[in-house]
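Here is a short briefing on a protein structure. Keep the sequence and the 3D view open as you read.

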Amino acid sequence: MAGVPDQRNNGSRAEGGLATDPDLPPPAVDQALLDAEDRKWTPGKVALWAAIALLGGVAWFMLAIVRGETVNAIWFVFASVCTYLIGYRFYSKVIERYITKPDDRRATPAEYKADGKDYVRTDRNVLFGHHFAAIAGAGPLVGPVIAAQMGYLPGTIWIIIGVVLAGAVQDYLVLFFSMRRGGRSLGQMAREELGVIGGTAALIATLLIMVIIVAILALVVVNALGESPWGVFSVGMTIPIALFMGVYLRYLRPGKVMEVSIIGFVLLMAAIIGGGAVAGTEWGAAFFHLDKVTIAWGLLIYGFIAAILPVWLLLAPRDYLSTFMKIGVIVMLALAIIVVRPEITVPAFSEFASRENGPVLSGALFPFLFVTIACGALSGFHALISSGTTPKLIEKERQTRFIGYGGMLMESFVAIMALVAAISIDRGIYFAMNAPTALTGGTVETAAQWVNSLGLAGVNITPDVLAQTAKDVGEQSIVSRSGGAPTLAVGLAHIMQQFIGGTAMMAFWYHFAIMFEALFILTAVDAGTRVARFMLQDSIGNFVPKFKEASWRPGAWLCTAVMVAAWGAVLLMGVTDPLGGINTLFPLFGIANQLLAAIALAVCLAIVAKRGTFKYLWIVALPLAFAAVVTITASYQKIFSSTPAVGYFANNAAFSKALADGKKEFGTAKSVAAMEAVVRNTAIQGWLSVIFVVLSIIVIVTAVLATVKAFRDRSAGTATTDNEDPALPSRVFAPAGLVPTTAERELATEWGKVPADARLERAGH
Amino acid sequence: MSAGIALVANGFRGFARYLGAVMGADAYAKYLEHHRAAGHQEVPLSEREFWRDRTDRQDSNPQGRCC
């Protein structure tokens with residue numbers, strides 16, 4: 001096998017000379033055999049793919065063309081799953097064939113750097129779950145809910161098509177290229193491929209983006225827990241539960257991860273049920289009834305302490321709990337939607353799809369829908385995961401398609417289910433929950449009156465319905481509970497109670513949903529603060545070397561404090577914002593996330609060009625161009641739009657003028673202090689947008705320059721530098737996808753006959 | 001009937017094992033396997049030492065968690 005000619009290799013590396021061990025079976029299925037398997041269309045296979053295409057087509061037809069009174073949720077499942085299957089089977093194969101060109105004869109970092117700890121060959125199906133748990137969190141559960149204001153169709157199309165052509169492409173490419181570089185981070189790759197300027201801009205942008213993302217995730221939690229004694233109690237209980245689990249794993253029974261996770265899960269359920277009882281008592285309701293500002297401060301202090309505590313005490317056990325919940329919740333949600341199949345009454349395009357002054361999210365469909373739904377369609381944050389742990393665990397190169405591309409499809413499916421859950425509730429309730437207090441007035445009467453005054457088709461809500469819904473889910477009020485999480489929780493409770501438990505269980509399901517969203521977010525806040533702190537320490541370390549020492553406490557604490565202060569300031573700004581916080585800040589979250597995606601794709605573009613693949617460069621250029629256009633347009637509008645609801649500076653100018661005119665209240669700001677807050681907030685948000693977009697443009701420009709240079713070098717015959725690790729022969733084999741092909745199965749059997757001790761080289765390192 | 005129960009039990013065990021692996025519960029077993037395969041001479045870490053080392057290394061090498 002060692003001498004198999006590699007037709008696809010375009011000669012940037014002498015891979016043909018990779019000498020695999022002649023005493024072992026080949027570590028890769030023969031390329032010709034792979035091609036033959038791909039091209040062999042048996043009647044059964046043709047029928048299967050025809051059926052998938054047909055079902056997907058019918059589902060899309062039902063969603064997009066047929067306009068009945070209602071549409072059944074099952075069509076969302078069929079449309080998405082069929083499209084994912086087709087995208088995975090056909091489009092990701094094109095990427096594999098023409099861009100990544102994996103070679104299973106090459107050892108992966110998990111093989112040639114194996115240390116039994118960080119670099120460990122991991123079964124592909126396990127790694128799929130692991131990678132999915134690392135990329136999926138609260139993001140895909142929140143964005144689609146907010147975007148549901150525009151109707152279900154724009155969000156659905158963007159989530160499904162976006163993931164196939166953009167999001168999954170990014171995850172796959174970053175994972176593959178990082179794997180080829182021994183698991184290097186996105187920041188390191190940017191520096192190598194784009195040079196000092198591009199690399200530094202990418203690093204600063206990443207750091208800032210992380211601050212924004214953590215802040216806005218924290219804002220979602222604060223909004224969900226504000227004035228909710230039950231939620232505060234049960235989410236607060238996760239801290240002692242995690243501490244207990246940490247001590248258990250460290251001192252009592254080390255390594256019993258499953259056991260402690262089950263104990264933790266049981267305690268968590270007890271905390272949710274107990275929360276209802278506690279909130280029902282007078283002292284409980286009084287003690288745990290906290291306003292949003294208090295919760296925000298609590299979260300800030302918590303974030304600082306959590307980030308300086310040792311990992312084993314809080315972060316690691318909560319991570320186990322969060323993973324456990326994540327897999328469980330997603331399986332449960334999928335089952336519930338398939339079993340219950342709720343009827344959706346939300347129109348495909350709502351009245352707000354063509355306007356830019358929607359109450360939940362301001363701005364026109366283009367570009368703001370595409371930044372509101374980031375996670376689930378295209379999420380730049382994933383590039384940090386795909387260039388982190390996962391590439392160090394991959395067993396075989398060809399598995400990157402299943403894990404990188406497939407993992408992201410799975411996250412997209414979560415986003416679709418969140419969308420379905422959110423739109424299964426009455427539209428009147430949706431708007432009453434998601435509009436800021438400034439519009440709804442905060443009481444059920446004013447909220448019902450405001451919603452009815454919107455003149456939405458088929459919406460006629462009474463104060464009683466709002467009061468009853470709040471009572472059903474065990475909350476004092478559901479009016480203006482913006483941020484997405486409470487709406488999703490109501491939707492989920494609505495679906496789940498039809499599946500298990502009936503109306504009596506609604507309050508439990510609601511708080512269960514709030515609990516897992518809070519759990520995901522708190523883990524992300526914790527880990528985000530830590531990662532950001534290390535990035536800051538590393539950057540300062542270039543000037544003051546002492547800061548590079550991770551164990552130097554003062555440096556670690558100082559950098560943690562700086563990062564917490566940074567996201568805390570944005571969080572407090574959002575919580576106290578007279579304009580409603582989430583409406584103004586959420587676009588910044590999406591823009592930040594997608595700018596990171598643009599940076600990651602720009603790095604990939606440069607790498608692909610340097611590998612000499614110009615004909616298929618469009619596969620990377622297409623999502624990059626889209627992300628760049630969307631985010632730059634959104635930033636441009638946020639900075640320059642003259643509509644105060646959209647433009648930060650327009651709003652700033654309007655409020656400044658009002659203050660100068662000596663007005664005592666203006667718009668939704670009811671006092672001079674509130675008006676001053678608006679002036680301050682809009683200035684900060686505006687300048688943040690400016691910094692983001694400038695940094696990202698620098699990165700994209702340097703990537704395009706690197707691409708052009710690679711093209712010139714190739715035309716001139718100059719050798720391009722390649723930053724991949726040297727190719728080493730692999731001594732293991734494993735199939736590439738979920739189901740092994742015939743050829744893979746045969747080869748695996750052959751490998752099964754090799755005695756275990758003959759497989760790996762004995763390297764006494 | 002009992003065959004059916006055995007099937008369900010097997011399926012459940014398989015799922016539990018998968019979930020455990022996704023969470024990294026088998027990390028120590030994999031470490032021992034690597035240690036053996038690589039032919040190291042020194043004694044491998046004990047289970048307690050291994051898990052301590054694992055979380056302590058995460059202190060200085062944090063892993064991101066996505067949104």
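In this predicted model, Arg105(A) and Asp103(A) join their side chains in a salt bridge, 3.0 Å from N to O. Are these two residues buried or exposed? Arg105(A) is buried because its relative accessibility is 7%, and the cut-off for buried is under 20%. Asp103(A) is also at 7% relative accessibility, so Asp103(A) counts as buried.

**Other salt bridges**

- The search of the whole structure finds 31 salt bridges over all chains.
- Arg253(A) and Glu259(A) form one of them, with 2.6 Å from N to O.
- Arg253(A) has a relative accessible area of 36%, so Arg253(A) is partly exposed.
- Glu259(A) is partly exposed as well, with a relative accessible area of 26%.
- Lys709(A) pairs with Asp713(A) in a salt bridge, and the closest N and O atoms are 3.1 Å apart.
- Why are Lys709(A) and Asp713(A) separated by about one helical turn? The reason is that they are four residues apart in helix α27 (residues 672-716) of chain A.

**Aromatic pairs**

- A pair of aromatic rings is described by the distance of the centres and the angle of the planes.
- Over all chains, the whole structure holds 34 aromatic pairs.
- Phe128(A) and Phe402(A) are stacked, because their ring centres are 4.7 Å apart and their planes lie at 15 degrees, where under 30 degrees counts as stacked.
- Which parts of chain A does this pair tie together? Phe128(A) lies in helix α5 and Phe402(A) in helix α16 (residues 400-423), so the pair ties together parts that are 274 residues apart in sequence.
- Phe128(A) and Phe402(A) are both buried.
- Tyr430(A) and Phe431(A) make an edge-to-face pair, 5.1 Å centre to centre with 90 degrees between the planes.
- Tyr430(A) is buried at 4% relative accessibility, and Phe431(A) is buried with a relative accessible area of 2%.
- Ring pairs also build a cluster from Phe508(A), Trp509(A), Phe512(A), Phe516(A) and Phe520(A).

**Where chain A meets chain B**

- How many residues does each chain bring to the contact? Chain A gives 63 residues and chain B gives 37 residues.
- Together the two chains bury about 4,000 Å² between them, and 60% of it is on carbon and sulfur atoms.
- On the chain A side, Lys117(A), Arg250(A) and Met258(A) lose the most area to chain B, together 15% of what that side buries.
- Five salt bridges run between chain A and chain B.
- One of the salt bridges joins the side chains of Arg250(A) and Asp56(B), at 3.2 Å from N to O.
- Eight residue pairs are in polar contact between chain A and chain B, both residues being at pLDDT 80 or more.
- Which element gives the largest share of the side of chain A that touches chain B? Helix α5 (residues 124-135) of chain A does, with seven residues.
- By class, this side of chain A has 35 nonpolar, 17 polar and 11 charged residues.

- Val346(A) sits in the loop between β2 (343-344) and α14 (365-372) of chain A.
- Val346(A) counts as buried because its relative accessibility is 8%.
- Beyond its neighbours within four places in sequence, Val346(A) is in contact with Gly151(A), Tyr152(A), Ile423(A) and Arg427(A).
- Val346(A) and Ile197(A) are 149 residues apart in sequence, and their C-alpha atoms are 48 Å apart in space.
- Thr529(A) belongs to helix α22 (residues 506-541) of chain A.
- With 2% relative accessibility, Thr529(A) counts as buried.
- Leaving aside neighbours within four places in sequence, Thr529(A) is in contact with Ala307(A), Thr560(A), Met563(A), Val564(A) and Trp567(A).

Methods:
Residues are numbered from 1 along each chain as its sequence is written. Chains are lettered from A and ligands numbered from 1 in the order in which they are written. This is a predicted model: local features need pLDDT of at least 70, side-chain atom pairs count only at pLDDT 80 or more; totals for chains, interfaces and linings use all residues. Side-chain values use heavy atoms; hydrogens and water are left out. Contact means heavy atoms within 4.5 Å. Buried area is the accessible area (1.4 Å probe) that two parts lose on being put together, summed over both. A salt bridge is a side-chain nitrogen of Lys or Arg within 4 Å of a carboxyl oxygen of Asp or Glu. A polar contact is a pair of N or O atoms within 3.5 Å; within protein, one must be able to donate a hydrogen and the other to accept it, and residues adjacent in sequence count only if both atoms are side-chain atoms. Helices (H or I, at least four residues) and strands (E, at least two) are DSSP runs, numbered from the N terminus. Ala, Val, Leu, Ile, Met, Phe, Trp, Tyr, Cys and Pro count as nonpolar, Asp, Glu, Lys and Arg as charged, and the others, Gly among them, as polar. Buried means under 20% relative accessible area, exposed over 50%, partly exposed in between (1.4 Å probe, protein chains only). Rings of Phe, Tyr and Trp (its six-membered ring) pair if their centres lie within 6.5 Å; planes under 30 degrees apart count as stacked, over 60 as edge-to-face and the rest as tilted.
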